[in-house]
Amino acid sequence: MPSNKETLFQNHIAQFLETQHQYVVLTHDDLKDKEYHIINNHVLAFIKATQADKYNNLHENYGTDTDGEIIKAIKEELTKTPLWMLIRNGVNVRGVELQLYKPKPRSNTSNLQESHYQNNTLACKTEYRYNPLTDERVDLVIWLNGLPIIVAELKHEDEGQNVDDAVYESFLTRDLSNHLYKMPFMFLALSNTQAKVATNPSSEKNFLWFNAELVNKAETHGEYPVEYVYRNAFSKESIVKYLEHYLVFVPAKENINEQGILEHRSSFTIFPRYHQFRASKNLAKDVKEHIENTRGLGKKYLINHSAGAGKTLTISWMADLLDSLYTSDNKKVFDNIIILTDRKSLDKNIKDDLEKFTHLNRKLNLTEKSKDLADFLMKDRDIIVSTIHKFAHIQEKLQNDQILKKRKVAFLIDEAHRSQDGKLALTMRQYFNEDTDVEEEDTEWLEKLNISNQVFVAFTATTTPKTVSYFGEPFDVYSEEEAIAEGYILDVAQNIISYETLYNLRLKEAIPDKDFPVGTVSKALKTLAFNDDSLIQYKSEVIVKIFEEKVASTIAGKGKAMVVASSRPAGLKFFTTLKTILEEKNLPYKVLFAFSDFNDSETNKSIEETTINELDTKHGGKLIEDVFDLPEYRILVVANKFQTGFDQPLLSAMFLDKAVKGVNAIQTISRLNRRHNDKEQEDILVVDFTNNSQEIFESFNKHRKGSPFKEREPDKSILEELYREIEKIEVFNDEEIQFYIEAYLKAEDQAKQRNSEADAILSNLNQDYRQKFKERLSSLEEQKQYVALLRRYTKLYYFIAKFFTLEQHLNNFIVFTEIMADILLSKGKTSEMKLFLKKVELSKGAVKYHGVKTNLTLVKEPKKTGLKLGGSGQEPARTTIEMALVEIESKYQITKDDAIIIKEICEEVSNNYEIKERVVANKENDIYLNNNAKPRIKQEVKQGYIVRDMVEKLEDPIYSQRGGIISLMSNAIIKQILTATG
C-alpha cells in the first residue's frame with residue numbers, strides 16, 4: 001500500500017500512461033547509461049523498424065560496430081545541439097541521415113507512414129535514481145525512442161507541499177550539470193492541482209504556469225484536477241506535435257547598445273503555455289472535423305485571450321498547424337494562411353516571432369509593401385503576414401481575379417473588434433468569395449457574405465457585441481483574471497488617483513444661433529478646454545511632482561510614464577511644458593511626444609513627430625519607440641498613438657488627460673501591465689485628470705473573466721419591420737423611392753465617365769425631395785424622427801447583410817436611406833462649428849483632487865447580444881454653443897479656492913506698459929531677459945495672486961519651487977509679449 005498520497009498520485013499517473021497511452025514501464029535493468037540516460041536498445045529498435053535500409057547500409061560498412069557508431073554520433077552531436085533539435089532534425093552517422101522520431105502523417109498517403117509513427121516508443125520510470133553517487137531520485141522521467149525528453153517532479157497538496165515546492169526542492173537544489181537536467185525539453189513541476197513547466201530548470205523564473213484553467217478540474221470521474229497533463233500533454237500525439245511544431249529555438253544574441261556596452265542574451269527554447277497549446281491544437285482539430293463532416297470550410301472562430309497571453313506565438317503556432325492540415329482524401333485543407341493585423345507594431349511582433357520558427361523559413365512570406373501582398377497571393381505562397389490596410393491598395397486586382405476567389409484561405413486576424421468593424425473588412429472578405437459577383441462598385445456593399453472557402457480566426461483580448469455577433473462565442477478563453485493570477489501581467493485596475501478637470505467657457509464675440517448635435521458640441525468644447533495652456537501647465541507640474549515622488553524609483557529606478565493627451569495640439573503643449581519643467585528643475589529625465597503628423601490650426605504649419613523629437617538629428621532616424629527604450633527618456637506623451645499595441649515593460653505609470661472607456665480604457669491602461677524582472681504590482685500607478693475612475697473600473701471588471709457577451713442569432717426580420725415602419729409614415733411612396741434610386745445610380749455611373757448631366761439632374765431632384773419632405777412632415781420633430789429612422793436602417797442593414805441574403809427591396813432601399821439621411825435636413829456643418837469654436841475661450845478652470853479610488857471588482861454575468869442595434873428612431877438631441885456654455889458653467893461651479901487663474905494673471909502682466917516696453921526694447925538681450933525682466937515679471941505675477949487674496953497658492957510648491965508655475969508663467973509672458981510685437 002502506498003506510503004503517502006504523493007506516491008498514490010505518482011502511481012496513478014504511471015498506470016494511466018501505461019494503460020491509456022501504451023507507455024513502456026521501465027525497470028532498473030533498462031537504465032544502464034547513468035551519464036546520458038539513453039536507452040540504447042530503444043533507440044536502435046526504432047531505427048531498425050523505421051529505417052531498415054539505412055541501418056543495413058551502415059551495417060555493411062561497420063558491422064558489429066554499427067550500434068556503437070549510432071549512439072556515439074548522438075552523444076557527440078549533443079555537445080552542440082539541444083536534444084529536441086537533434087530529434088527534430090535527425091542525426092548524421094558516418095554520412096547517413098537517421099531520424100530519431102517519426103511525425104504523425106499529415107495525410108493518408110501510405111500505411112507505412114502511419115506504421116512508422118506508431119513505432120515511436122514512449123517509456124517512463126518512476127523514482128528514477130539518476131545519479132549513481134547519491135540517493136537522488138526523480139519522481140517521473142519520460143523517454144521517446146530511448147531519449148529522455150520529460151522530467152517531472154510531483155507533489156500532493158494534502159501532504160503540505162505544492163507546485164512551488166516541486167520547483168525549489170526538486171530542481172533548484174539538484175546538480176543541474178547532470179545530463180538529465182540538460183537533455184529533456186520539458187521540466188514539469190506538478191502537484192495534484194497545478195502545473196508549472198520550464199525548458200531550462202536552472203532558475204525559478206524559467207518555470208511558467210501550465211494550467212488548463214484558473215482552477216483546474218478533472219475531465220473524467222476518478223481523475224485528478226491535473227488530468228489534462230497526463231491525458232493530453234503526455235499523449236503520443238501531443239509529444240510528437242511538440243517536436244514537429246511547438247518547440248522553438250531562439251539563438252544567442254549579441255549587440256552593442258548606445259552606451260557602447262556589449263549585451264549578450266543566451267540561447268533558449270520556447271515551449272507553449274497550456275492555453276496556447278490547447279487553442280491551436282483544438283482549433284486545427286475542429287477545422288479538420290468540420291471539413292470532413294461538411295466537405296467545406298465556411299467557419300468562424302473567436303479566440304478570447306488576455307493581454308499577456310502570448311498571442312503572437314499562438315497565432316504563429318496556429319498558422320503552422322493549419323498549413324499542415326490535410327483531408328482524409330489527402331488534399332491540403334488551405335491554399336494560403338494569411339495573418340492580418342491592423343497595427344504595424346504587431347506586424348513587427350508577428351514577424352519577429354514567426355522568424356523563430358526556422359522550420360517554416362521557406363513557407364513564410366512577410367509583406368513590406370502592397371505589391372508584396374499581391375505577388376505572394378498570385379504565387380500562391382503558404383503563409384503570408386500582412387496588415388489589413390494593404391488590401392485597400394490592391395482591391396481592383398483582387399476583385400477582378402477569378403482564381404483568387406477560389407482559394408481556400410485561413411485568415412488569422414488580430415484584434416477582431418478593430419479589424420472587423422467597417423466596410424473595408426467586408427470588402428476584403430468579398431474578394432475571396434467565389435460566389436460573390438461584384439460587377440459594379442455601387443453594389444459591392446449589398447452582397448451576402450459568403451465564406452464557404454474560408455476560415456476566419458479572430459483574436460481579441462476584449463470582445464464587443466459586434467464581434468460576438470459575427471464570430472460567435474469564444475472558441476477558447478484565457479482570461480485577464482487567469483493572466484494576472486499566473487503572474488503574466490500585472491493588475492492595472494486596482495487603484496486610480498483621481499482628479500477632476502473643471503472648466504467654464506465664454507464667448508469672445510457673438511456667433512449665429514445654430515444648433516448641432518449635443519454630443520458633438522460637448523466633445524468639441526471639452527477638447528477646447530483641455531487644450532488650455534493654464535490647465536496644461538498646472539497638470540504638467542502635478543505630473544512631474546508625482547513622477548519624482550512615486551515613479552522615478554520604480555522598476556529599480558528605470559520606471560517610465562505615459563501621458564495620454566486629449567488631442568495632438570494638447571499633446572504638443574504637454575510635451576513642451578514638461579520639457580521646460582524638467583530642464584528648469586535640472587532633472588535627469590527626458591520626454592518624447594508620439595503622434596501622427598498634423599497641421600497647426602492657427603499657422604497651418606506641419607507639426608512632425610520626427611522633427612519635434614529630433615529623431616533624425618539626434619537619434620539617427622530611429623523609431624520613437626526605440627528612442628524611448630533609452631534610459632534617460634522616462635516620459636512619453638501620446639495622442640492616440642501607442643494607446644494600443646505598444647509593448648514597453650518599463651512603463652509603470654500613466655497620466656490620463658483624456659476620458660477613456662470601454663474597450664479603449666482596457667487597451668490604453670493595459671500598456672502598464674507588461675511584466676519586467678524588477679517590476680512589482682506596487683509600481684503600477686494610474687492618475688486620471690478626468691474623474692473617470694468608476695467607468696474605467698467597470699470596463700475592466702466587465703471583461704476580467706473573459707467575454708461579457710453571449711451570442712444571439714441575428715434576426716433579419718427586424719430590418720423588414722423597420723422598413724415597414726418607415727413605409728407607414730408615407731413621406732415618399734414606392735415609385736418616388738425607386739425613381740430616386742435609379743437617378744442616383746445613373747448619376748454615379750455617368751460620373752465615372754466624366755459626364756455631369758445626370759449629376760445635375762440629381763442635384764435638382766435632391767431639391768425637389770427636400771421640398772416634398774418638408775411639405776409632408778411640417779413638424780421639425782417629425783422630420784428629425786424620420787431622418788433618425790433612415791440612419792438606423794442604414795446602420796442595421798450593414799450588420800444584417802453580413803449574415804443573410806436579403807430581399808431586393810431591402811437592398812434597393814439602402815441606397816435611398818443612406819443618401820436621404822444626409823440631405824433632407826439642413827444642419828450646421830462641422831466646419832461651421834469649428835469657426836464658431838474659435839470665438840470661445842476658457843474663462844475659469846480648476847484641477848480638483850478627489851483622492852485614491854479603489855476597484856471593488858464586481859464582475860457581471862455575460863449577457864446576450866447581437867439583436868438590438870440602434871435603439872429608437874429618435875434623432876440625437878441638439879444644442880447651440882451658447883446653450884452648451886451655460887450648461888457647462890452650471891455643471892462645473894468653480895470656487896475661488898479651486899480656480900486656476902494663470903491665464904488671467906498672464907494677460908494682466910503682459911499688458912503692463914512698462915514691462916512690455918522693456919521686454920520689447922531688449923528682445924535680443926537674453927542676459928537682460930533672464931536676469932532682469934524675468935525676476936520683475938515673477939514679482940508682478942506673485943502680486944497678482946496677493947491682490948486676489950490667494951497667497952496660499954504662492955506657498956504651494958507646485959507654484960513656488962524652481963521650475964514651478966510662477967516660473968512657467970514668467971516664460972509665457974515674455975514669449976507672449978515678443979510674439980505679439982513680432
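Because the model is predicted, local features are described where pLDDT is at least 70 and side-chain atom pairs count only at pLDDT 80 or more, whereas totals for chains, interfaces and linings use all residues. Residues are numbered from 1 along each chain as its sequence is written, and side-chain values use heavy atoms, with hydrogens and water left out.

The secondary structure of the protein chain comprises 40 helices and 34 strands, where helices (H or I, at least four residues) and strands (E, at least two) are DSSP runs numbered from the N terminus. Of its 982 residues, 53% count as buried, a word that here means under 20% relative accessible area, with exposed meaning over 50% and partly exposed lying in between (1.4 Å probe, protein chains only). The accessible surface comes to about 44700 Å², and 46% of that surface belongs to carbon and sulfur atoms; such areas come from the Shrake-Rupley method with a 1.4 Å probe, and for residues only the protein chains shown count as cover. Among contacts with a separation of 6 or more, residues 24 or more positions apart account for 73%, a contact being heavy atoms within 4.5 Å.

On one pairing, β4 and β5 run in the antiparallel sense over 6 bridges, with Ala-123 opposite Trp-143 in β5. The pairing of β5 with β6 is also in the antiparallel sense, over 5 bridges, and there Leu-144 stands opposite Leu-147 in β6. The hairpin of β5 and β6 has 2 residues between the strands, and in it Asn-145 takes a positive phi near 50 degrees. Further along the sheet, strand β7 (residues 186–191) is joined by 4 bridges to strand β8 (residues 195–198) in an antiparallel arrangement, in which Ala-189 has Lys-196 of β8 as its bridge partner.

Pro-184 sits in the loop between α7 (163–172) and β7, and it counts as buried because its relative accessibility is 3%. Leaving aside residues up to four places away in sequence, Pro-184 touches Pro-148, Ile-149, Ile-150, Val-151, His-179 and Thr-199. Glu-213, in the loop between β9 and α8 (227–233), is partly exposed, with a relative accessible area of 37%. The C-alpha atom of Glu-213 is separated by 7.4 Å from that of Glu-482, which is 269 residues apart from it along the chain.

Strand β23 (residues 560–564) runs parallel to β27 and is joined to it by 4 bridges, while strand β24 (residues 590–594) pairs with β27 in the parallel sense over 5 bridges. Leu-636 in β27 stands opposite Met-562, and Leu-592 also stands opposite Leu-636.

Two packed helices are described by the angle between their axes and the distance between the axes. Here axes are lines fitted to C-alpha atoms, for helices over the stretch in contact, and angles run from 0 to 180 degrees between N-to-C directions. Helix α28 (residues 717–728) packs with helix α31 (residues 780–800) at about 160 degrees, their axes lying 10 Å apart. The two are therefore roughly antiparallel to each other, given that angles under 35 degrees count as roughly parallel, over 145 as roughly antiparallel, 65 to 115 as roughly perpendicular and the rest as oblique. In α28, residues including Leu-719, Leu-722 and Ile-726 meet residues of α31, among them Leu-789, Tyr-793 and Leu-796.

Helix α36 (residues 913–921) and helix α40 (residues 965–980) pack at about 70 degrees, with their axes 10 Å apart, and are therefore roughly perpendicular to each other. Ile-915, Lys-916, Val-919 and Val-920 in α36 meet Ile-974, Ile-977 and Leu-978 in α40.

Methods. Pairing = 2+ DSSP bridges.
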